[in-house]
Amino acid sequence: MDEPIIKIEKLRIEYRSRELGAPVKVAVKDLSLEVHKGEVFGFLGPNGAGKTSTMNVLLGFLPPAGGRASIFGVDVRQPIARQRIGYLPELTYYYKFLTAEELLRFYGRIFNLPQAELARRIDAVLKLVGLEEARGRLIKTYSKGMQQRVGLAQALINDPDLLILDEPTSGLDPVGRMQVRQIIQRLHSEGKTIFYSSHELGEVETVCDRVAVMHKGELKVQGKVEDLIRQFKGNLEEVFLKAIGYVPAENQTPESSPANT
Amino acid sequence: MIRNIQAVAGVVLREMLRRKDFYVVLVLSFLLVGLMAASRFFSADKAVASLKDAALLIIWISAFVIAVTSAARQIPAECESGTIFPLLAKPITRTEVLLGKFMGCWLACGVALAVFYAFLTIFSASRAHTMPGAIFFQAFWAHWILLGLIISLALLGSLVFAAPSSNTTICLVALAGLWLLGGHLNHIALRMTEPGSTLVYILYYILPHVELFDLRRLVVHDYPAVPWLMWAAQTLYGLTYTAALLVIGCTLFQRKSLR
């Protein structure tokens with residue numbers, strides 16, 4: 001089998017409080033997973049499951065408390081590991097005093113793209129996300145959907161081999177969601193590897209090859225979408241709910257109610 | 001490394017040149033000096049010297065405000081808007097980001113300072129009917145070196161104090177203290193008892209002497225330029241403190257948890 005694009009081994013993430021005597025909060029415990037070339041990998045879990053913390057380690061924002069993580073075989077703490085990555089954070093407001101074109105030129109310079117190549121990439125990504133008309137306008141004049149699309153454009157400026165997307169359709173209207181989904185599917189067809197966090201399970205089911213479900217910092221289940229659907233005898237939403245141990249209110253006993261979890 | 005620092009500095013420059021508050025401070029400063037000149041605020045025999053003195057004081061205060069407010073918000077604004085995350089997800093180190101922020105603020109303040117001093121040069125030449133000498137350039141240079149130190153202090157403060165407003169207030173108070181009291185700490189120490197006296201002496205030798213960069217009196221009274229060797233030593237003194245503050249800032253930024 002080929003070398004994994006993302007490799008996480010026994011990852012542990014902790015948050016220490018500045019208050020004396022406050023307990024250490026464990027955000028992720030012993031997480032191990034691999035993402036292979038050309039896969040769209042869905043990283044799922046309820047709020048507070050440890051998804052964003054894991055992404056923060058992959059991107060070098062947080063040091064792991066234990067275990068290791070590598071991208072393209074390079075330790076994630078090395079800046080060079082991020083040379084072939086595109087990252088779209090959840091709901092980011094980009095520099096409002098720049099135009100989309102200026103923003104992309106700034107990020108492109110960090111990737112050391114030659115001038116001609118950068119100009120070509122800017123044209124290509126702005127066309128891909130449908131912002132050609134607005135390329136010269138200040139970002140502060142953009143709608144929420146346009147901001148998300150400029151975010152996607154910046155994630156693609158270096159023609160990355162790996163895309164890390166954190167809730168890429170969060171806050172978008174149905175048309176915006178469909179457009180982002182189409183872009184992801186197109187990138188998938190171009191052979192890009194996509195590591196994708198979302199709460200939109202229908203969308204994940206449509207675009208992902210494999211998924212992992214996290215809950216309270218632990219990996220509950222991972223596998224191919226069709227295998228999990230077969231194994232859990234339901235759609236991805238049911239797989240997700242069963243994996244995190246959710247019991248509907250009408251079936252709850254005093255022991256299984258959320259107050260006791 | 002240089003490429004990344006230049007890229008970040010370019011964005012900071014663009015931001016400052018597109019912000020209204022930058023121009024408001026410039027216009028207000030010009031208006032104040034212009035009004036004083038037009039209303040014969042000072043007696044005729046000392047009019048030019050007094051106007052230069054007042055103009056330089058306004059320039060000093062305005063430059064302090066521009067430097068501190070612009071540097072203090074750089075990193076907190078990146079964290080608050082979340083732009084720090086897509087930026088650091090690229091092949092750039094935190095040290096490069098901080099140095100880029102420093103360079104951008106320092107260059108923008110240098111541009112503002114150049115405009116201020118150009119205005120003062122024209123104003124002075126039109127009133128005194130003589131072109132100002134090398135002391136004008138030395139005063140500008142010393143001021144710009146000091147602004148580098150102030151910007152690095154404000155950037156360091158922004159990594160310690162979360163709110164830009166509290167950082168700005170603390171930096172401005174600390175600067176005012178250094179400016180007004182820094183040069184007199186040794187005299188204060190002489191009148192104190194131990195161990196306070198030793199502590200104040202230590203502060204006297206450790207803290208940067210902001211007053212060394214204040215060449216206003218020499219400009220106002222048309223003194224000749226200070227010896228160039230002394231000028232170079234003053235530059236080195238300022239750059240050493242700036243570098244030390246930046247090293248501490250980079251170390252803190254490396255350890256700062258970003259969530």
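Modeller: Start with A153(A). Leaving aside neighbours within four places in sequence, A153(A) is in contact with A100(A), L104(A), V125(A), L126(A), V129(A) and L131(A). This is a predicted model, where local features need pLDDT of at least 70, side-chain atom pairs count only at pLDDT 80 or more, and totals for chains, interfaces and linings use all residues. Residues are numbered from 1 along each chain as its sequence is written, and chains are lettered from A and ligands numbered from 1 in the order in which they are written.

Biologist: What makes A153(A) "in contact" with L104(A)?

Modeller: Two residues are in contact if their C-beta atoms, placed from the backbone, lie within 7 Å. L104(A) is listed as a contact of A153(A), so their C-beta atoms meet that limit.

Biologist: Which residues have the most contacts inside the largest nonpolar core?

Modeller: They are A153(A), A67(B), C109(B), I150(B) and I151(B), in a core of 143 residues. Such a core is a set of buried Ala, Val, Leu, Ile, Met, Phe, Trp, Tyr and Cys residues joined through C-beta atoms within 7 Å. Helix α6 (134-160) of chain B gives the most to this core, with 15 residues. Helices (H or I, at least four residues) and strands (E, at least two) are DSSP runs, numbered from the N terminus.

Biologist: Why is strand β7 of chain A called largely enclosed?

Modeller: Buried means that 20 or more other C-beta atoms lie within 10 Å of a residue's own; exposed means 12 or fewer, and partly exposed is in between. Five of the five residues of β7(A) (162-166) are buried, so this strand is largely enclosed by the rest of the structure. Both faces are covered: L162(A), I164(A) and D166(A) lie on one side, L163(A) and L165(A) on the other.

Biologist: What makes the crossover from β7(A) to β8(A) right-handed?

Modeller: Point the strands away from the viewer: the path from the first strand over the helix to the second must run clockwise. Here the chain goes from β7(A) through helix α5 (174-189) to β8(A), and this β-α-β crossover is right-handed. Five bridges join β7(A) to β8(A) (193-197), also in parallel.

Biologist: Why are β2(A) and β5(A) at the edges of their sheet?

Modeller: The order is β2-β1-β4-β5 in chain A, an open sheet with antiparallel pairing. β2(A) (25-35) and β5(A) (74-75) each have a single partner strand, so one side of each is left without a neighbour in the sheet.

Conventions:
Pairing = 2+ DSSP bridges.
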